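Trainee: Could you take me through one part of this model in close detail, namely the charged and polar side-chain pairs together with the elements that surround them? Please give the cut-off behind each term as you go.

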Amino acid sequence: MGLPRNMDGTEGDSAKFAREMGEKLEERTGLPVDFVDERGTTITAHGYLNQTNTRGRKRKALVDAVAATVILEDYLRGRRNQREAEPGPKGAESAHSETGEST
């Protein structure tokens, strides 16, 4: 889940809300929720949309979806890097990270 931190790394009301939502999701699903720092993802999304020359209403509708995709890609990249850095047999399951946060 995206964690909307301030640019200085502190957490405000939006981050508090995201953590509360993550806690509720964990309680309801029984699955762990990892948080990914989402600073800069909207800027990255605008960059991708610039590359594809997406403009107007279509751009406005897509920017959040593209930013969410960037967050998911960051999370998956972090998981892959974590597995590659772990000692032991290749492909072994890793334990759930307590923080799960990417900075």
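**Salt bridges and their surroundings**

Mentor: Leu25 lies in helix H1 (residues 13-29), where helices (H or I, at least four residues) and strands (E, at least two) are DSSP runs numbered from the N terminus. The model is predicted, so local features need pLDDT of at least 70 and side-chain atom pairs count only at pLDDT 80 or more, while totals for chains, interfaces and linings use all residues. Residues are numbered from 1 along each chain as its sequence is written, and side-chain values use heavy atoms, with hydrogens and water left out.

Leu25 is partly exposed, at a relative accessible area of 37%; on this scale buried means under 20%, exposed over 50%, and partly exposed in between, with a 1.4 Å probe and protein chains only. Together with Met1, Phe17 and Met21, Leu25 forms a nonpolar surface patch of about 350 Å² accessible area. Patches consist of residues with over 30% relative accessible area and no salt bridge, joined within 9 Å for like charges and within 5 Å for nonpolar side chains (Val, Leu, Ile, Met, Phe, Trp, Tyr). The areas come from the Shrake-Rupley method with a 1.4 Å probe, and for residues only the protein chains shown count as cover.

Of its 103 residues, 22% are buried. The accessible surface of the chain is about 7700 Å², with 52% of that belonging to carbon and sulfur atoms.

Now to the charged pairs. Side chains of opposite charge can pair when their charged atoms come close. A salt bridge here is a side-chain nitrogen of Lys or Arg within 4 Å of a carboxyl oxygen of Asp or Glu, and this rule gives five of them.

One of them links Arg79 to Asp34, with 4.0 Å between the closest N and O atoms. Arg79 belongs to helix H3 (residues 56-85) and Asp34 to the loop between H1 and strand S2 (36-37), so this pair ties together parts that lie 45 residues apart in sequence. Arg79 is partly exposed, at 28% relative accessibility, whereas Asp34 is buried, at 9%. Asp34 has a further partner: a polar contact of 3.0 Å joins its side chain to that of Tyr75. Such a contact is a pair of N or O atoms within 3.5 Å; within protein, one must be able to donate a hydrogen and the other to accept it, and residues adjacent in sequence count only if both atoms are side-chain atoms. Phe35 also lies in the loop between H1 and S2 and is buried, at 9% relative accessibility. The C-alpha atoms of Phe35 and Ala15 are 9.9 Å apart, at a separation of 20 residues along the chain.

Another salt bridge joins the side chains of Arg39 and Asp37, at 2.5 Å from N to O. Arg39 is partly exposed, with 28% relative accessibility, and Asp37 is buried, with 10%. Elsewhere, salt bridges with shared partners connect Arg5, Glu11 and Arg19 into one network. Within that group, the closest N and O atoms of Glu11 and Arg5 are 3.7 Å apart. Glu11 is partly exposed, at 37% relative accessibility, and Arg5 is buried, at 16%.

An α-helix has 3.6 residues a turn, so residues three or four places apart point the same way.

Asn53 is in the loop between H2 and H3 and is exposed, at 54% relative accessibility. Its phi is near 55°, a positive value in a residue other than glycine.
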